[in-house]
Amino acid sequence: MRLIFLGPPGAGKGTLAGLTGRRYAIPQISTGDIFREAVKKETELGLKVKSIMVRGDLVPDDLTINLIKERLACEDAQKGYILDGFPRTIPQAEALSSFQQIDAVLQFNISDEAVIRRLSGRRTCRACGAIYNIDSIPPKAAGICDRCSGELYIRGDDRIDSIKNRLEVYEQQTAPLIRYYQDKGLIRDIDASISVEESMQQVDRILQYEL
Ligand code: AP5
């Protein structure tokens, strides 16, 4: 199964991609996670993308495309994968189609208001990347990851000015992908405004009965 999870920031793509990846034994490939790891390790890539990410702008296409090309060549991606946060522009989607065939694009539908609420309460584990929300999906102990006891932190791009910019960038540069993939008959709709369990049932239905 070669899947793309497409939707605005904070729609729950990472949360559901993690669950889906574990349930169907395919890797979740998140360009955001790859960039954040590079920033944390202060690699050459990390130094290049740090300020772009904090502002909520997009990393240049050539850099992102090369990175995903390398990642998809890895052994664990040969039987399928979930692309979480890629592609995000038409040139990225066109590049992807030149070396991969995608089975479905799950489009996450949610309002801007709900996204702003969710991102304002997001907490992420510094060690394992698990995602929580202080309102809707709280950890058992405040500030500590249930899975690995790592420290929970607020992402640098979860400040309100950055969230608003990310929503604008999504509208301008990423939303055109919906039409692009509709024309290819690949779009499947997910209601991302409901609970994680209910959205996951929609994902299961699509993966088990529609593909
Ligand atoms: P990236 O990490 O991909 O961020 P994003 O797309 O903005 O998405 P988020 O991670 O913010 O949200 P999500 O949809 O995964 O939601 P989550 O599951 O966390 O990218 C970051 C940056 O990297 C970009 O801005 C850009 O600079 C760069 N970048 C990455 N990819 C790029 C590319 N291809 N090209 C160029 N640049 C790129 O959930 C959000 C919150 O809601 C959490 O608190 C969660 O617990 C909660 N939640 C989730 N589901 C539910 C639910 N059903 N009910 C209640 N709460 C929920």
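Mentor: A salt bridge is counted where a side-chain nitrogen of Lys or Arg lies within 4 Å of a carboxyl oxygen of Asp or Glu. The model is a predicted one, in which local features need pLDDT of at least 70 and side-chain atom pairs count only at pLDDT 80 or more, while totals for chains, interfaces and linings use all residues. Residues are numbered from 1 along each chain as its sequence is written, and side-chain values use heavy atoms, with hydrogens and water left out.

By that criterion, Arg166 pairs with Asp157, their closest N and O atoms being 3.8 Å apart. Salt bridges with shared partners join Arg122, Arg155, Asp157, Asp158 and Arg166 into one network. Arg166 is buried, at 11% relative accessible area, and Asp157 is likewise buried, at 10%; here buried means under 20% relative accessible area, exposed over 50%, and partly exposed in between (1.4 Å probe, protein chains only).

A second pair is formed by Asp204 and Arg23, with the closest N and O atoms 2.6 Å apart. Helices (H or I, at least four residues) and strands (E, at least two) are DSSP runs, numbered from the N terminus. Asp204 is buried, with a relative accessible area of 14%, whereas Arg23 is partly exposed at 48%.

Side chains of opposite charge can pair when their charged atoms come close. The protein carries 29 positive and 30 negative side chains, and the centres of the two sets lie 3 Å apart. In that count Lys and Arg are positive and Asp and Glu negative, with His and the chain ends not counted; each charge is placed at NZ of Lys, CZ of Arg, CG of Asp or CD of Glu. As for the setting of these pairs, the protein has 9 helices and 8 strands, and buried residues make up 48% of its 211 residues.
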